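Notebook open, structure loaded. I want to go through the chains, then a strand, then the rings.

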Amino acid sequence: MNAETSAALLARLGAAVDARARLRRRPLGDTVAALAAAAARWRDDPALRAELPAAARLSPAMIAAVVPIAAEALDAVTMTKLIERTWGAGAARRPAPDGPALVAHVVASNVPALALPAIALGCLAGAAVLVKSGRDDPLSAPAFQRALAAVDAQLAATIVTTYWPGGDVAQEDAVLGRAEVVVATGGDATLAALAERLGDRLVAHGPRWSVAVIGRGARDAAAALALDVALHDQRGCLSPHAVYVAGEARGFAERLAAALEAVAERLPPGTASIEARAQARFLAAQAEWAAGATVLQGAGGTVIHEGEAAFRPTCGLRTVRVHPLADLRVFPDLLPTGQVECVGVAGADPTPLVAALRARGVSRVCPVGRMQRPPLSWPRGQRAPLFARRAEPLLEVER
Amino acid sequence: MTLEAELAAAIEAAARGVPPPDFEPWALRVFAHQFEHNAPYRAFCVRRGVTPATVARWEDVPAVPSVAFRQVDLACGPPEAVFVTSGTTNRAARGRHLVPHLALYRCSALASFARFVLPDGVRLPCLAFVPPPALRPASSLVQMCVWVGEALASSIEWMIGERGLETERLLARLAAAEASGEALLLVGVTAAFAELFAACRTRGRGFRLGPASRVVDTGGQKGTTRPLSRPAFLSECWTLLGIPGYYCINEYGMTELCSQRYDSALDDRFHGRSLAPRRLAGPPWLRTRVLDPDTLAPVAPGATGLLCHHDLANAGSVSVVLTEDLGRAAGDDGIAVLGRVPGATPRGCGLLLADLEPR
C-alpha cells in the first residue's frame, strides 16, 4: 500500500467536494437507491471475497459470512427510515439539508467493511466522504466505490478512499484539516492526539466491548450467543466479552462452550499473532488458578465461568466470561460507564433496564444473535448517525 | 538424605567438575516428589490426566503458568524462605515463590554465577545495584547478591538505599577504584545502571575501571525512564566505565526459579568460543523449551514462542514454569528473550527501584 502525497490527496478531495456540490439538489431517495444497489454489487465482488481473508486475517468462511451482513445493513428501507426519522416525512423526496461539505472517516480495521456504513452515512448526510482505511482492510472501501461507480458514477465521484500509515501527523493535519467532521476510531492515545488538533470537529470512538444478559425465560440462547462471539473473531466493539446469566450459569457456560465448538466448525478462526494467542493462554491460566472459576477451553474458544461479577473484557479470540446474575435489575450496575456499546438480551424484557443502560453509555440493545447486525441507524457511541447535534445520548432498542 | 539435599550435592559436585545430574531421571524423580507433596500442583496434573505413572519423558511433566504463583502457594513443604515478585502496584497480586530448601537455590545460583560471570575464578569487590536485604528481604535477586557477596566476591557494598540509587556515593566509589586501578564486580538491575549512566552524562564524568572489572545486569528495560537498547547499554559500559562488552553479562532470572540464565559471552571467551553468538545460556539442570501458546508443543527451531523453563533446582516447589516471556532458541544451548506477552502484569527485578516508593 503506497501512501499518496498530501497534495495529490487534497486535489482528489477538492474534486469530490465539487462533485458533491453538483448533487446538492438531488433527492435523497436517489442516493438511497444507489447505495443499496452498490451494496448488492459489492457483496458479490469476487476479487473482494478472494483477497479479504488474507488482508483481514479472517477465515474465508468468516468473510463469506460477514460480507453479506455488511451489505444488508445498506438496505433501502432502513436507510429511508433513517433519513425520515432524522429529517421528517418525505425526506427521501428532498435533497439533504445543509450540512458538512466533507466528512472524513478514519476507520479501524479490527472488523472488515467498516467503510460501508461510513460512506453511506456520509452520502446520506449530503457530504463528500473521505475514508481512510485501516491497515487490515484496505480493500472494502475502494471495492465499494467501484461498485457505486457502476450504478451511479456521479455519487461515486463524491467519495475518496485512501490509506496512509497511522501516526503520519503531517498527512493527518493536511487532509483531516479539510473536513468539517472527522469520525475516528482508535486507541485512547491516538484519539487524544487527534482531539487536541481537531477540537469539536472530531467524533471519537474509543475501545469498547459488548455484553449479553440471559434471563430466566431464555430457552437456549447459547447457539445464538456463540455466533455473536464468533463473528469477526470477537474483534469488534459489538462482540460480547461477558454474559450475565440469571439462573444456572455453570450449565449455560457448558452449553456456550459446546456451541462455540459447533460454530468454529462452520466459521473457523482466522490467524492470530503469537502475542494474541499467548494472551489468551494466560487469561485462561489465570482463571484456572483463581478461586471459584472454571475454564472450558476448546478449539472453538474459551469460556470462563466465574463468581466475580465485575465486567472485565477478555483478550478476544472467542473468549467469554460467564457470570451468575442473582437479580436482573442489578445488571446495569455491574457495567462500567462508557465501556459497553451493546447489550444482547435473551429471555427477558429489556424495557425496565433501558434508562440505566443509557446512563452507562450503552447505545444498542438487541436480541442475542443480532449483536453483530447493527442497522445503519445504530447510534454508535450514543451519537446521532447523520451528525445531527443532539443533547441527549441515544440508545436504540431492537426487539 | 532428602531429595533436595541429594540434588544440591549433585549440583555442587557438578560445579567442581563432576558430570552434572542426569536430567531426565532427575526430572522424573522430582516430578514424582512434587506430585506427592504439592497438593495444588497434584490437582492441576490430575485435571490433565497426568500422574508420575503416565510421564515417561521430561518434556511431559506439566508446566504451571507463572500466573499460578500469584494465586496459590506451590510448595512441597514448609518454606525456609518466601520470595515475592516486584512490580505490580497491587501487592496482593504479586507472585510468591516458597522455597523449602534454600541451600538448593544457593548452590544452583552460585554455580551458574561462577561459571558465567567469573570463569577466571577471580574474586572482586562487588558493588550491588540492588537494595540491601534489610530493605528487600523478599527479593530473590537480593538474596542471590548476598550469596555472591559471601561466596564469590571479596566484599559487597549496597549502592541502593531507601531513596534509590545513592549516586554521589557510587560515583565517589568508582572514582576511588579508578584511582587505585582496582577491578570491580558491578551487579544489579539494568534500570540502576541506566541511572548511573545518566548521572555520568549529566556530570560529564566517566571512569576507566581496572582490568577484569565486569558488569552483571538484569531486569531489562523495566523501570527505566529512558529505554536503552542492548548495544547502547554495552556502549555506555565501555564509554563510561571502561568495561568491554565481553565483560558485560546479562542475567535472566525469575522469582519463581532457583536457576538463572546468563549471557554466554564471557564463558565462551574463556573456553575458546569467542566467535559464538551471544545467547542466554544456563546450567545443565535448567532446560528451556519454546512453546506454541495454543498447543504447548515446541515451535519450529528459531521460531518465537512462550518460554517454558524446567528447573530441577525448583525441586521444592514446581519445576516446570510456563512464563509470560516470548523468546526463541539461540544456538544449541541458549535462548533469546524477545519480550513479554502484551497485557502481562509488569513484574521483575527491574522494578526493584520503582518499588522504593514510600509504603
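Predicted model: local features only at pLDDT ≥ 70, side-chain atom pairs only at ≥ 80, totals over all residues.

I started with chain A contacts (heavy atoms within 4.5 Å): among those between residues at least 6 apart in sequence, 73% join residues at least 24 apart.

Residues are numbered from 1 along each chain as its sequence is written, chains are lettered from A and ligands numbered from 1 in the order in which they are written, and side-chain values use heavy atoms, with hydrogens and water left out.

**Chain A, overall**

I looked up the secondary structure, taking helices (H or I, at least four residues) and strands (E, at least two) as DSSP runs numbered from the N terminus. Chain A has 14 helices and 13 strands. Its radius of gyration, over C-alpha atoms, is 21 Å, close to the 21 Å from the globule rule (2.2 Å times the number of residues to the power 0.38) for 399 residues, so chain A is as compact as a globular protein of that length. The C-alpha trace spans about 65 × 45 × 40 Å along the principal axes. I then checked burial (buried is under 20% relative accessible area, exposed over 50%, partly exposed in between; 1.4 Å probe, protein chains only). In chain A, 54% of the 399 residues are buried. Chain A exposes about 15,700 Å², with carbon and sulfur atoms supplying 54%; areas are Shrake-Rupley with a 1.4 Å probe, and for residues only the protein chains shown count as cover.

**Chain B, overall**

Chain B has nine helices and 16 strands. A compact globule of 359 residues would have a radius of gyration near 21 Å, and chain B, at 20 Å, agrees. Of its 359 residues, 58% are buried.

**Strand β10(B)**

β9 (214–218) of chain B pairs with β10(B) in the parallel sense over four bridges, and Val215(B) has Cys248(B) as its bridge partner. β11 (261–263) of chain B runs antiparallel to β10(B), joined by two bridges. There, Arg261(B) stands opposite Tyr252(B).

**Rings**

My rule: Phe, Tyr and Trp rings (six-membered ring for Trp) pair if their centres lie within 6.5 Å; planes under 30 degrees apart are stacked, over 60 edge-to-face, the rest tilted. I count 15 aromatic pairs over all chains. One of them, Phe23(B) with Trp58(B), is edge-to-face at 5.3 Å centre to centre, with 80° between the planes. Phe23(B) is in helix α2 and Trp58(B) in the loop between α3 and β1, 35 residues apart. Both are buried.

I also noted a cluster in which ring pairs link Trp289(A), Phe31(B), Phe35(B), Tyr41(B) and Phe44(B).

Last, charges over rings (NZ of Lys or CZ of Arg within 6 Å of the ring centre and within 35 degrees of the ring normal). The charged end of Arg29(B) sits over Trp26(B), 4.6 Å from the ring centre. For Arg269(B) over Tyr246(B), I have 3.5 Å.

How values were computed
Pairing = 2+ DSSP bridges.
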